[in-house]
Amino acid sequence: MPIPHRPGLRLPVLLLALVCAAPALAAPPAAKPGPKPAAQAARVDPLEASMAGEFALQGGLLPEAARDYLAAARAAADPVLAERATRIALLADRDALAAEALVTWRQLQPQDSQARHMMAATLALRAGQKAPARRELRVLLAADDGWQAALAALTGAVGRQPALVVAMLGEIVDRGELPAQLQAWLAFGGLAQRLEQPKLVDRIVAQVVKRFPGEPRVALLRAQWLREAGDLEQARAVLDAVPAPARQSTALRGGLASEYEALGDAARAAQVLASGPQDDSTYARRADLLDGLGDKDGLAALYAELKAGATQPNPMRRLLLGQVAELLQRYDEALAWYASVPGSRAQALARLRAVGVRHAMGKKAQAYDEVRALQSDAALDDDTRRDGYLLEAELRQKDGDVAGERDAYARGLAAFPDNLELLYARALMWERQDQIDRAEADLRRVLVIAPDNVAALNALGYTLADRTTRYREALELIDRARVADPGNAAIIDSYGWVLFKLGKPRDALEQLRRAYALQKDPDIASHLGQVLWVLGRKDEARRYFDEARKRDPGNRSLQRALRETGA
């Protein structure tokens, strides 16, 4: 799917940033350690080598970057550089080089770490080495929070050794090595589902029912797996069957709403959330869903409910009231709510919101003055100041100020180097401005810092599929994102699109239909239309083009599809 737009600062949004790491008690036997650090130091300038690695990294030359960082690590005897070399080599799928860097990292820093164990497990799995892989996974699973690292190692080897991953997963389940945490069982069950192992899924479900009797979240688990398998009708039936008493739990209602939303039924999700006790989180999600549906009457009713619910609202309730007033375009009321917010952190959020409101009211000079003041206010926390740069860039984009948008990101990254949110958002800008090499460089930088960042994997994979001819490379990136989040409509769309680019329109059509069933998005509709047109089903294609036009007449994917098909 086209790179997902960065969420604005409308309502609270969690940004995904996952870590990749994996230590090794023993690197795969095939790995051969490189020159000793002392020998390298005599021949390599560590500063020069690390700078070369950085330039290679920014240029997307990952193998070269890994080799340069490894040389710098050996010359400087720096374990941090060795870790960086290992991460980059893994990202570049240069396993021998990664193992070599891992050995150097362990030599320079003998203390164990979860990161090294995870990387060692990943390499052993990829190399098909069952015993070392089992040993590393057990070390991880023995730690209190190690199951996530173990899961990441298994996921990182799916593309190379799927049968071994299945075998290891089955062993872990059958030996009862997972901790007594429902989330861990759900996560490993999700991997089994994505690997299309129904018998293993059944064993995990049986264990979940046995270990967590009466737990209504098991229904959510089944619904999620059914949805990810493409059985949307049965998934909905499972959700509908959850008994009413269980729905009084705020946490369960939130999970149910998320599943209904994932099934493309935002209206039902909003109804579920409204059916029990309310808190600020529930109200915020309802507002977001109603806004997405364009339900102004529903928003107005929610606004009245919020105002009536408290005579002296707390800071977060005041923020929420301001946000809902903003969505209703009652801008003066929104500013009044934001001005009344107490508390330093809440006030900072209110100041950000007020900037957007003034811009929407046409008071642009005042809005930009206020956001610059936010960026330079040393009394604010770093996240708020960073959000000031993101917000300014967003507003500059709305104004068509290309130079101003670029400048906002440049200043932001000067203030917050390597910030994931700024790098990702700037990558989207570069793609939008047809600077594909720069977009790729920023996305690859994100992936070096957070190698399993699903949003970046999908964005880079889609960009390569859509804007270059590097389709195989795109498919590898998208596959990694699919394994991590197989039910994500944007990722399914990206997968369908790269299949189309690879000359497999019928396979692409199946995936794109599934994506559109999950999310009625103009980008997906445009892709569906283009694939159908190529397959000769032009009347059906036109219906999807019309759907895309209704939702977003200026959509770039739609305009490109219309040009390329002549429709």
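At roughly what angle do the axes of helix 4 and helix 6 cross? The model is a predicted one, in which local features need pLDDT of at least 70 and side-chain atom pairs count only at pLDDT 80 or more, while totals for chains, interfaces and linings use all residues. Residues are numbered from 1 along each chain as its sequence is written, and side-chain values use heavy atoms, with hydrogens and water left out.

The axes of helix 4 (residues 79-91) and helix 6 (residues 114-126) cross at roughly 35 degrees and come within 12 Å. Here helices are DSSP runs of H or I, at least four residues long, numbered from the N terminus. Axes are lines fitted to C-alpha atoms over the stretch in contact, and angles run from 0 to 180 degrees between N-to-C directions. The crossing is left-handed, meaning that the near helix is turned anticlockwise from the far one by less than a right angle. Thr86, Arg87 and Leu90 of helix 4 meet Met119, Thr122, Leu123 and Arg126 of helix 6; contact means heavy atoms within 4.5 Å.

The largest nonpolar core holds 93 residues, and Ile88 and Val498 have the most contacts inside it. Such a core is a set of buried Ala, Val, Leu, Ile, Met, Phe, Trp, Tyr and Cys residues joined through side-chain atoms within 4.5 Å. Buried means under 20% relative accessible area, exposed over 50%, and partly exposed in between (1.4 Å probe, protein chains only). Helix 24 (residues 420-432) gives this core its largest share, nine residues. Apart from this core lies another of 43 residues, including Trp147 and Val483.

Two buried residues take part in polar contacts. His359, in helix 20 (residues 344-360), has a relative accessible area of 9% and is therefore buried. Its side chain makes a polar contact of 3.0 Å with the side chain of Asp399. A polar contact is a pair of N or O atoms within 3.5 Å; within protein, one must be able to donate a hydrogen and the other to accept it, and residues adjacent in sequence count only if both atoms are side-chain atoms. Arg444 lies in helix 25 (residues 436-449) and counts as buried because its relative accessibility is 6%. The side chains of Arg444 and Glu473 are joined by a polar contact of 2.4 Å.

Is Pro213 buried or exposed? Pro213 is exposed because its relative accessible area is 63%. Pro213 sits in the loop between helix 11 (198-211) and helix 12 (217-228).
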